[in-house]
There are 2 protein chains.
Amino acid sequence: MDIAALRTANPDHWNKATAIRALTLDAVAAANSGHSGMPMGMADVATVLYEKHLKFDAANPDWPDRDRFILSAGHGSMLLYSLLHLTGYDDMTLEQVKNFRQWGAITAGHPEYGHAKGIETTTGPLGQGIANSVGFAMAEEMLRARFGRKLVDHYTYVIAGDGCLMEGISQEAIGLAGRHALGRLIVLWDNNNITIDGTVDLADRTDQVKRFRASGWQVLEIDGHDPAAIDAALTEAKKSKRPTMIACKTHIALGHAAQDTSKGHGALTNPEQLAAAKDAYGWPYGPFEVPADVKSAWEEIGKRGASEQAAWAARLAEMSAPRQAEFTRIFDRDVPPKLSARIKALKKQISEEAPKVATRQSSEMVLEVVNPVMQETVGGSADLSGSNNTRSGDMTVFDVDNRKGRYVHWGIREHGMAAAMNGMALHGGIRPYGGTFMCFTDYARPAMRLAALMKIPTVFVMTHDSIGLGEDGPTHQPVEHLAISRATPNTWVFRPCDTVETAEAWELALTSKETPSVMSLTRQGLPTLRREHKTKNMTAQGAYVLADAIGKREAILLATGSEVEIAMAARDLLQKDGIGTRVVSMPCWELFEDQDEAYRKRVLPGGPVRVAVEAAIRFGWDRWLYGERGRRDKGGFIGMHDFGASAPAPTLYKEFGITAEDVAAKVKSLL
Amino acid sequence: MDIAALRTANPDHWNKATAIRALTLDAVAAANSGHSGMPMGMADVATVLYEKHLKFDAANPDWPDRDRFILSAGHGSMLLYSLLHLTGYDDMTLEQVKNFRQWGAITAGHPEYGHAKGIETTTGPLGQGIANSVGFAMAEEMLRARFGRKLVDHYTYVIAGDGCLMEGISQEAIGLAGRHALGRLIVLWDNNNITIDGTVDLADRTDQVKRFRASGWQVLEIDGHDPAAIDAALTEAKKSKRPTMIACKTHIALGHAAQDTSKGHGALTNPEQLAAAKDAYGWPYGPFEVPADVKSAWEEIGKRGASEQAAWAARLAEMSAPRQAEFTRIFDRDVPPKLSARIKALKKQISEEAPKVATRQSSEMVLEVVNPVMQETVGGSADLSGSNNTRSGDMTVFDVDNRKGRYVHWGIREHGMAAAMNGMALHGGIRPYGGTFMCFTDYARPAMRLAALMKIPTVFVMTHDSIGLGEDGPTHQPVEHLAISRATPNTWVFRPCDTVETAEAWELALTSKETPSVMSLTRQGLPTLRREHKTKNMTAQGAYVLADAIGKREAILLATGSEVEIAMAARDLLQKDGIGTRVVSMPCWELFEDQDEAYRKRVLPGGPVRVAVEAAIRFGWDRWLYGERGRRDKGGFIGMHDFGASAPAPTLYKEFGITAEDVAAKVKSLL
């Protein structure tokens, strides 16, 4: 690569881009870790994007109508931190850049949503950003359809690397974006032909241009170091009614001794080579030094969108008061005031009517009540709409000619769905929920973890949540998936026992601002156990006494979801034998853990024998089986000990020994 | 579709294919659940495949040189069960077919590996089969290169549906197969344009032909109901040096009222419609009735490969005794006799030299000893070879011109790698292991679960297993992943504390015949704690006393991996204060659970305070914190309580309170 030619061709551009390269080299050297090559290779593309196309205002990072910039290749975090610092985001000080990857800094190894302004999503696990971006772009289409171009009119830009495109999730994203003709989505592929193990063709020889075109994308191919070509491609991309992929041929670690090599992917810290690179750049400045004229040119870019932002704010202010309030409310993630009353009314009705339905149907009943009063919800399913019961009657299907549609047919793409839902939640103005079978939590898992890490309230509707799904067999029967979700920090796992608890769980999930929820719902019918109406949301406490012991309290049965019915029947058996038995329903362990110790002890006092029943493995239950001074030999578990089997559900419960009789026998054996 | 024309065009073929359709309709009707449409749509393709191409011998289902048939669209299990029954696999009786999806039957809802002969892999979770098939085809190439065409010379056939192709993992598989020019891999795409939610274009408009071609596949397009076209395409495919995808245009639920509809995907049980379909087929037989001439024609097909099998057996018998023994040994999953001595020698050497290395390096040291004496191992990494330390010096890279290569650059495809490794293990003759970062267990998870469910000994090398990875930050720091793997039935999770335990863990993983292993290995250096050489594999017991209390035993510290060093240091602090402290290393919970109660009680006697230390969340640890009669208030935990952070590892351990001082203080607070 002829660096000298690049320098002289367009010195203004060169200096701006080189500020990114130099900051990257210095920050990685200071941290003695990180990824230098990607920011160095993509600095030109990013510079043109920020300078000429990206609609943003560094002083208003949360402006709802800004363009979104997503760094899917998150290891190149110094590219983003450099851009944020140079354009003048007030939290991204030079001090923060100097503390790259250090304790307490907002400049983590990979961009962490919530750490710094201007980070739109957490990336690093490859492919997530490009899949998030589908949700961002869908959210923009939906909100533009709802509120009009005066309030919503922006693009989603993504920088993706070879790693992003090799991960399977990228195909799910590409397929979705192509299907839905997301013309406002523009992916800049850092086509540098280098991965950690070597050149890309060591592992892949896919023609990415043909691959994207096969899914209906526009593809443009450019020299990623030619500012005019980058500008022209972006201009062209913005006109397209289809999503655009711009293949940017770049040199990783441009101008460094490690250019175009795997070594260039990582931390370039050799002082001599660093100096040589800066020398080649014509950058005679010290570490972290950006000359005033370059910094000031960048700051002008950071202010470029200020007038547009002000005009937008004025347009919002011109809207009717209810429209303004609605727009503000949904971006604040506030629920509508009506919600609580509607949920309470449903609970009352259910307690009276006491239907026997599967909790996936209960969930649909709740959504029928919620969706009409919460226009920001967007439902969907990974090709199991009729099984997940995720579509309420008022929801039309999102499509190219129906951007107001609030129901998404995600296809057989659990992972892409979960990541795109995260994108919607991150965009703001949308409350996404989507369904699949609980067992396929496995497929969605990387995105579910990121929802928890990012603190966004995505709702994962996981039906067919145990052996209760029956004949489909062990491949489809979750046994460890409750444990997996419960083990994940900042995740509410709701396993309601009937329609009333399901309504309460939904209320909590929809009211949550910072915690994603997993709704663990049955395929099979369950009776209404909450027959006495309570306006209080009992599920908010995580666990509570559903039925107390009659007479001396000798046993406590702990259960969730479909097994609460079994615990109640076991209680009948035990009480018949004069054994006073309490049943505690535990729809959400995490919320129970959050209660004060006094409450937890009231629900689970020491002394009585405790037996838990759940049609899943025991892993994690020991937490609740012994009181603070309780004894291990007074706790028991009825549930699964291995994978399931293929047979009708009642047969499976009997054969695996998860019945009221088994629970009662276990209690007696411990007394 | 003109059924009459199909019937008359080729009645012999029609009757054979219709036997599959009729058995499917009858079995699904009897079970009142299942998926009728796919077997009905793909019966013609499967019939031609079995009749004219698939090399198999129903009487020798384990013949190592058989062609493999993989039903990636596993919900169409009745297609496979019909084929196995009709061709005369002795366990697939008509009784089993009649008991489709019932307790105790080998005819589970989805094909379960190990339940019936002729099921090559467990499918149902979509996309897994097609990704397995990459491993099957690679294994064939590797073994053909090693043993020659006389012993290894077969194809891998896959039936995949639209769901398989929408799942992201399919792209990983397609990319790998294209890259490695796996010409023996032939995918038959059931192109019926129907998914559960509706037509495919509801969710996807990808041109699959162009997509496969973009990754270097040969693609053929045929009418999936034309036996001559199917035959010709298979003949053509077998000649290709590149993998072939045959797009078979089919009608789901052919000939039924639900043909070409979503309803046709599911269980077609309406008796009148069933009768009408059979009538259209010209199939006047009762439920489960196959006329003798058709059954006998199918049985001939089942015997078609007998002579070829006999010739193959004769060729094997002609081989030199050591060659025969080696071939048999690797297909029996036996380890070479040398292995144990080599491992013991390494342990002895390590105990003497006491190096301070990361356990990922320890793992490499073990592989340097193992791989030369175990030629059936195949290593690899998802583009983290240098970090996972998975390549030993003797391993060359598998490539088109080096089929003897035993190291695979999987690319940034954790999921595809895991599934393909499962395929290799299922093929037989190969012991696959592959690496990525522990955090990306998330991506590989669906395939890891299937390894456990299928009882195959795939080894997942998961390095960078805690906050100890440092600066990459929370996206890359596992905190819940030990719990996730431990929660999975039939999975050994090894978290060795030093090189000696790492050697023991590898010995167990490689000796395993039915249990996959997760190797949880550190990025950071650890001292050798096992300084006294023991020939016995201590890790085989799951947990053991590493250092006992001096004086009265007041505390027991439980730890794994990198935290055993911390526990040992805490013991020093406590003993200094006169508090007798035992340290128990717990490299494998599952194996400890398998020990008898007497051993477990010897290691973890009641009485002393117990404190566990692990740089991960507590979830699951309560199982070990209280003795059978121990008290909850005498157990404590030092570890993570939330996601990690980006900073150097020593800072993180200190800031998150995972130090010897913290452990000692916790013990004192409980005493």
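Analyst: Start with the domain bounds. This model is predicted, and the assignment divides chain A into domain 1 (3-310), domain 2 (337-527) and domain 3 (542-669). We will look at domain 1 and domain 2 of chain A.

User: How many residues of domain 1 of chain A are in contact with domain 2 of chain A?

Analyst: Contact here means heavy atoms within 4.5 Å. By that rule, 30 residues of domain 1 of chain A touch 32 residues of domain 2 of chain A. The centres of these two domains, taken over C-alpha atoms, are 34 Å apart.

User: What area is buried between domain 1 and domain 2 of chain A?

Analyst: Buried area is accessible area lost when two parts are put together, summed over both. Between domain 1 and domain 2 of chain A it is about 2,600 Å², and carbon and sulfur atoms give 65% of that. On the domain 1 side, A:Met142, A:Glu172 and A:His180 supply 21% of the area buried against domain 2, more than any other three residues.

User: Which polar links cross the interface of domain 1 and domain 2 of chain A?

Analyst: The rule finds nine residue pairs in polar contact across it. For salt bridges across this interface, the count is two.

User: Which helix gives the largest share of the domain 1 side that touches domain 2 of chain A?

Analyst: That is α6(A), with 14 residues. Both α6 (128-147) and α8 (168-179) of chain A supply at least two residues each. By class, this side of domain 1 of chain A has 14 nonpolar, eight polar and eight charged residues.

Definitions and conventions: Residues are numbered from 1 along each chain as its sequence is written. Chains are lettered from A and ligands numbered from 1 in the order in which they are written. This is a predicted model: local features need pLDDT of at least 70, side-chain atom pairs count only at pLDDT 80 or more; totals for chains, interfaces and linings use all residues. Side-chain values use heavy atoms; hydrogens and water are left out. Domain bounds come from an automatic or database domain assignment. Buried area is the accessible area (1.4 Å probe) that two parts lose on being put together, summed over both. A salt bridge is a side-chain nitrogen of Lys or Arg within 4 Å of a carboxyl oxygen of Asp or Glu. A polar contact is a pair of N or O atoms within 3.5 Å; within protein, one must be able to donate a hydrogen and the other to accept it, and residues adjacent in sequence count only if both atoms are side-chain atoms. Helices (H or I, at least four residues) and strands (E, at least two) are DSSP runs, numbered from the N terminus. Ala, Val, Leu, Ile, Met, Phe, Trp, Tyr, Cys and Pro count as nonpolar, Asp, Glu, Lys and Arg as charged, and the others, Gly among them, as polar.
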